Amino acid sequence: MSQLNDQIASVVQDTPALNGVRCIGEVTDLHQNSTALYFTLTDGDAELPCMIWANRYQKMDADLEDGTEVILEGDIDYWTEGGKIDLKPWEVIVVGDGDQAAAVERLRSELEERGWFDDEQKQRPPAFPQRVGVVTSLRGDARYDIQNAIHEQDPTVDILVKDATVQGSEAPTSIANGIHHLDRSEEVDSIIVGRGGGSDSNLQAFNTERVAEAIFTANTPVVTAIGHTDDRLIADQVADVATITPTAAGEYIVNSREEFFAGEVKPLAQQLDAAYETFQQEHEHERELAEAVDEAAASEGLPPVYYKAAIAVLLLLLLAITGLWLGVI
């Protein structure tokens, strides 16, 4: 592998067309550490990883962030240890806000004004789902992450997967159609829309009005799990529940049952236990009072039946003495 990667690096390094390249695009997935600044340059259809050493970036008159449109000039480099190609720019010219980022923000503002992000619009997924619909690619790992997360908790939950294209120009229509299809099924009581990780460009389908509308108009509660990211996609903001991973979405669906028991059933059980304990205490008190009354009555003398028996014995003795005295006996 090392020899092959060295050969590839030599080809890249010795190809004049890959040195001093100049390109324009938008910055996405920007992150940095003490060593370097990393980001992806995209034009919406294609993308290229980029890396700028930290000391070089500090000398540049450029303040980069996601959505910034830039012109880069630099060399294409091949990282032999990792087997990756990237662009190492030595010059960065900031053009302004990128068209793609600006369009997303315009749509986000418009949908917010419509109230599509309001909590009042959110539906709560059922506590006891019987059939969960999943919109994702059959070729991706997200499908199995969701399925495993659900069935590890509850194997009885039925899962219906609707295959969808989750990246590229056809993705918005494919995802929206998948949501509509599952929403029309009366047997599906919640829907998960998900895909695995990816760059901002790969996730753009989930920033479109078409997908947002499908989620917002669905009568079935929709849970999103897109790209292992936080809530920065429009689909996440419109969804009834947004989770950060496909696995988290599956766990949420089955955990809603445990939440129901914890929030509804357990407090009722505690109230019943408390009421029964109070009843037992009152019953014990009444029993003790009854016993006290009986003891008090017994302390005043023998029961009437003893007195009646004694009188009867005395009468018999009197009759016997009288009979002896009269000589009858």
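This briefing covers an aromatic pair and the surroundings of one serine. The model is predicted. A search of the whole structure finds one aromatic pair. The rings of W116 and F216 form that pair, and they are stacked. S174, in helix α5, is the other focus.

**The aromatic pair**
- A pair of aromatic rings is described by the distance of the centres and the angle of the planes.
- For W116 and F216, the ring centres lie 4.4 Å apart and the planes meet at 5°, so the pair counts as stacked; the cut-off for stacking is under 30 degrees.
- The two residues are 100 residues apart, and their pairing links distant parts of the chain.
- W116 sits in the loop between α3 (99–114) and β6 (131–136), while F216 belongs to helix α6 (residues 209–217).

**Accessibility and charge at the pair**
- W116 is buried, at 9% relative accessible area.
- F216 is partly exposed, at 27%.
- R114 places its charged end over the ring of W116, 5.0 Å from the ring centre.

- Helix α5 spans residues 171–183 and includes S174.
- S174 has 18% relative accessibility, so this residue counts as buried; the limit for buried is under 20%.
- Leaving aside residues up to four places away in sequence, S174 touches A164 and T165.
- With T165 there is also a polar contact: a polar side-chain atom of S174 lies 2.8 Å from the backbone nitrogen of T165.

Note on methods: Residues are numbered from 1 along each chain as its sequence is written. This is a predicted model: local features need pLDDT of at least 70, side-chain atom pairs count only at pLDDT 80 or more; totals for chains, interfaces and linings use all residues. Side-chain values use heavy atoms; hydrogens and water are left out. Helices (H or I, at least four residues) and strands (E, at least two) are DSSP runs, numbered from the N terminus. Buried means under 20% relative accessible area, exposed over 50%, partly exposed in between (1.4 Å probe, protein chains only). A polar contact is a pair of N or O atoms within 3.5 Å; within protein, one must be able to donate a hydrogen and the other to accept it, and residues adjacent in sequence count only if both atoms are side-chain atoms. Contact means heavy atoms within 4.5 Å. Rings of Phe, Tyr and Trp (its six-membered ring) pair if their centres lie within 6.5 Å; planes under 30 degrees apart count as stacked, over 60 as edge-to-face and the rest as tilted. A charge sits over a ring if NZ of Lys or CZ of Arg is within 6 Å of the ring centre and within 35 degrees of the ring normal.
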